[in-house]
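Hello,

I am passing a structure on to you, and my notes on it follow below. Could you have a look at it alongside them?

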Amino acid sequence: MKDYSFSFRTINNISGWMVFLIALVIYTLTLEPTVSFWDCGEFILSAWKLQVGHPPGAPFYLLLARLFSIFSFGNESNAALMINFMSALTSAFTIMFLFWTITHMVRKFFSGISELTPLNKALILGSGLIGALTYAFSDTFWFSAVEGEVYATSSLFTAMVFWAILKWEDEKDERLTGRWLILIAYLMGLSIGVHLLNLLALPAIVLVFYFKLYRVSTKGIMLALLTAFAMLGMIVFVLLPYTVKIAGWFELLFVNAFGLPFNSGLYFYIVLLIATLAWGIHYSLKHKKRILNYVFTILTVILIGYSSYALIPIRANARPPMNQNDPSDVFSMIYYINREQYGSTPLLKGNYYTAPVVDIKKKTGGYIKDNGRYVPYKKNKYVFDDRFTTIFPRMYSPDDKHHSEYEYWGAVEGEKVRINSSGGGREYVIPTFGENLRFFFSYQLGFMYGRYFMWNFAGRQNDIQGNGNVLHGNWISGIDAVDNSRLGNQEGLPEDLKNNPARNTYYFLPLILGILGMIWQYRRDRKGFWVISVLFIMTGIAIVVYLNQYPLQPRERDYAYAGSFYAFSIWVGMGLCSIVEPLSKILKRKIVVPLAFFLSLIAVPLLMITQNWDDHDRSGRYTASDIGSNYLHSCDTNAVLLTYGDNDSFPVWYAQDVEGVRTDVRVANLSYLAAGWYIDMMRQKAYTSEPVKFTLGSEKYRPGKREQLPVVDRTPRPIDIIELIKFAGSDERSKMMDFSGRGDIFNYIPSKSFLLPVDSSRVLSNGTVKEYQADRILDKVIWNYGGREMYKNNLAVMDMIGTNKWERPIYFASTVPPSNYMGLDNYFQLEGLAYRIAPLDTTGTRTQDIGFIDTRRMYDNLMNKFKWGNANDPDVYLDENNRRMFNNFRRMFGLLAGALIEEGDTLRAKNVLDRCTDVIPAEKIQHNYYSINLFRSYYRTGQKDKAMALADEIITSARSYLSLVMALDNIRRYDLDYVIGINMQALISIYNMSATMGLEELSTQLETDIDLYYNEFFMRPS
């Protein structure tokens, strides 16, 4: 009779692939079908046409994503879907390798004590299944698995290298052990072209190596870890940057000293590097120097993997439309790889945030090409008072908005010192080192890591970004006694918070199972415990230390710590063993193993998937791509659209570069315009968009030039904008001033009042002003610049506007902060999701705080051209970013309806209100302050029942928030000023409107509420 039984290895392999399929199915079902917000749009468009994205780049990821995008088979709208699917696929592979990692480590224990019985095999496989599925359905990992970002692929590399070292550990054939190590090195080299996070697995890998080959001792473990940290430091701080930096030394020598052509030194260096590595491998083989051979081979394969970065300068030299930093030569490549545009973050030594600047020195910032040579440019280096210097600086950001956050989280009182200067004296506070550490533990380690950890293994409060208040973004458990003691009474939450799809509760069950697994491994496999612990710490706490994050981050950063959650999930799997062992002493093992497995499966992975599905299911959501297109459709033909942040730039670029939407519009990001390379990008043609014209040449915007120009009101008369630009761009000494008193001369702006002539025939003929607006054309536009300095990006915008001479329409995206309007907002004309700069007299035409509305264009856009990404589908999940944007769109609909009513067009105003209700139903997004204009418009169009129902919703929402905050003590009211302010404003606005409309009962009722809340929040001593 034949034996049809399978070996454990076969069952383990099959089970791993089954786990892979489960994860892949789940991720595919919940995949976002198009681009997502944040960096996804940039990564997808960069991959689609192999363009150059933001530093330090992810070239290997782009090559992989480009490969997957080919399977869209020419359908541009499916390119994002295929790249998103790549994330789903790599994430599913990550889960498979996690399964095999857990089963390897659990099997190692059972193999060491007894024969692998069928029950032990089942327990091993069950542990792998519990741990792998826990991670598969965890909040952070699932989020990355369904969008086109680098973190899913980065996680796969981490999983593969850790699995590979465990395979090396099992390998009996000495000839193959070295191959596993070389494979690990190669995978690490490739991973550098995705994300550096993978390298943090190196210390854990070194420990596995040490435990297998050496006799274990405390001293030995310490030396192994020190060796691992040294290797990690050598790779991150020496090998990666200096591989390119040394190329710069050769290039400078060959071009500037020897007079050879550009890139000659680079080519010589590449040949020399390859020859050196080849010689080293040959020499070590010839002389049978095994360790030396390993060193050269491993170094070679790391550099082969790292060579994916050659894609960056190759594509930069092709001048694609997206070419960030233009890293087309070795020196701009050094700048790019080192992320120098983002500045540096102190790690071991630095100054506190209160440190005064005592001197400004010049240092070489880099080199640029000029007349066949490389010419250095200078940048400022600020010198701070030494008394404010500390080791391990955590509170360092000089940004004013961070100061109060440092003082809150660090409970800063500090030491007061007085510093005298020629202008008088000022008192400064030097935080103590204890306060510095308090900020580290409370904010960086507690809030920016511990909170994310608990999201994944205890539960999450909601999807609203948290900055420390009790309402937004905290972890919860679902156990009232615990949650209420930390965050206040959870029963009194407003409906939108109580019913937030991301309100997920696991009752600590994954955390408890993981802790049990941790204890079990510590007792049963001490070596394995230290390996996982090092992986857990290096991918969690070590990242916290390295990133040194300042407060008020622009988005949640949990994705950075996914490796740490991966490591803890190994312990979650082992938790099954911890449950089985004691129960086996009471019940039969054949009952305990399946019983414990099924209970653990239900209590952890199945609980997590049921809780997390609704806020991780992005299927059917097209909001980001449609909103990006809407920005473009807001613009007239051949326009220039000025954007500001990630979410009003990346989806727009994606729509143009991938889906080919409105390629005649030139999108210019105001933040990027502070860089000369980006201004040069504007000067080249992109698709069907003609080059943007500037008066000042490229050399005037080079790095180190005109970075910050003082604005001095030296003349009362408005200055013609072109005259002003030429003055600011002059290199004549007579047109510069010494503002520092140290002999450093700077360009400056000689007036705060600017003038731009208007050619009425031109603006009418090209549609800048429509025929129905002709009676309001101005002969010149005059505005006042409100700032004390004009930065390079502001100068570039002024140059663009002046040089344009009304030839092309210029728009500001509606999401640009008012601080970037530069005084032009009196001439803003709202036409959709963007304001056109229009030379029109606004007297008596304004229906809002900013500019005026072109009702004809805006009506056509909102009612006919715009798409809304299935936002009104009950099954489509809208996260905080989407809800915030759609709240703003509600406001836009309300403004348009109000403007139409002012024009006497009540019929179209009703159409707008109906369209708004259809696009953004209250069932999806609760009405709040942003719906105020809808209330007024409903009432003014005679739809009084709808108006009162809407007012009731707004008032109920505002009351629920204000009453909740009122029930909190002063300590728990931290960071709730915005919540209080916007809900108070909602009540006040409806009160004012109701008083104007003669709704006495409503206004009387609101007056009582306003008095109550006003006395509580603004009159009571804090």
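Strand 18 and strand 20 (residues 834–837) pair in the antiparallel sense, joined by 3 bridges. Here two strands count as paired if DSSP finds at least two bridges between them. The strands and helices themselves are DSSP runs numbered from the N terminus, with helices (H or I) of at least four residues and strands (E) of at least two. Within this pair, Y811 sits opposite R836 of strand 20.

Before going on, a word on the source: this is a predicted model, in which local features need pLDDT of at least 70 and side-chain atom pairs count only at pLDDT 80 or more, while totals for chains, interfaces and linings use all residues. Residues are numbered from 1 along each chain as its sequence is written, and side-chain values use heavy atoms, with hydrogens and water left out.

Strand 18 (residues 810–813) also has strand 9 (residues 640–643) as a parallel neighbour, joined to it by 3 bridges. There, L642 has F812 of strand 18 as its bridge partner. Is strand 18 buried or exposed on its two faces? Both faces are covered, with I810 and F812 buried on one side and Y811 and A813 buried on the other. Buried means under 20% relative accessible area, exposed means over 50%, and partly exposed is in between (1.4 Å probe, protein chains only). In a regular strand, side chains alternate between the two faces of the sheet.

These strands belong to an open sheet of 6 strands with mixed pairing, in the order 10-9-18-20-19-21. Strand 10 (666–669) and strand 21 (852–853) are at its edges with a single partner strand each, so one side of each has no neighbour in the sheet. Strand 21 pairs with strand 19 (residues 828–830) in the parallel sense over 2 bridges, and L830 stands opposite I853 of strand 21.

**Another sheet and a hairpin**

An open sheet of 3 strands has the order 12-15-16, again with mixed pairing. Its edges are strand 12 (719–720) and strand 16 (780–784), each with a single partner strand, so one side of each is left without a neighbour in the sheet. Strand 12 runs parallel to strand 15 (residues 753–757), and 2 bridges join them. D720 has L755 of strand 15 as its bridge partner.

Strand 2 (residues 357–370) and strand 3 (residues 373–384) pair in the antiparallel sense over 12 bridges. D370 is opposite R373 of strand 3. Their hairpin has 2 residues between the strands, and N371 takes a positive phi near 55° there.

**Helices**

How far does helix 5 (residues 118–136) reach from its first C-alpha to its last? The span of its 19 residues is 26 Å, close to the 27 Å expected at 1.5 Å a residue; the expected span is 1.5 Å times one less than the number of residues. Helix 5 is mostly covered, as 15 of its 19 residues are buried.

Helix 10 (residues 218–257) and helix 14 (residues 330–337) pack at about 160°, and their axes are 9 Å apart. Axes are lines fitted to C-alpha atoms, for helices over the stretch in contact, and angles run from 0 to 180 degrees between N-to-C directions. Helix 10 and helix 14 are therefore roughly antiparallel (under 35 degrees is roughly parallel, over 145 roughly antiparallel, 65 to 115 roughly perpendicular, and the rest oblique).

**Loops and backbone details**

P55 and P56 are joined by a cis peptide bond, with omega about 0°. P56 lies in the loop between helix 2 (40–48) and helix 3 (59–69).

Y507, a residue other than glycine, has a positive phi near 60°. Y507 is in the loop between strand 8 (504–505) and helix 19 (509–524), and at 38% relative accessibility it is partly exposed. K805 has a positive phi near 50° and lies in the loop between helix 29 (792–804) and strand 18. K805 is partly exposed too, at 48%.

**Confidence**

The mean pLDDT (the predictor's confidence in each residue, from 0 to 100) is 93, and 98% of residues reach 70 or more. Confidence is lowest in strand 5 (residues 415–421), at a mean of 84, and highest in strand 7 (residues 459–460), at 98.

Best wishes
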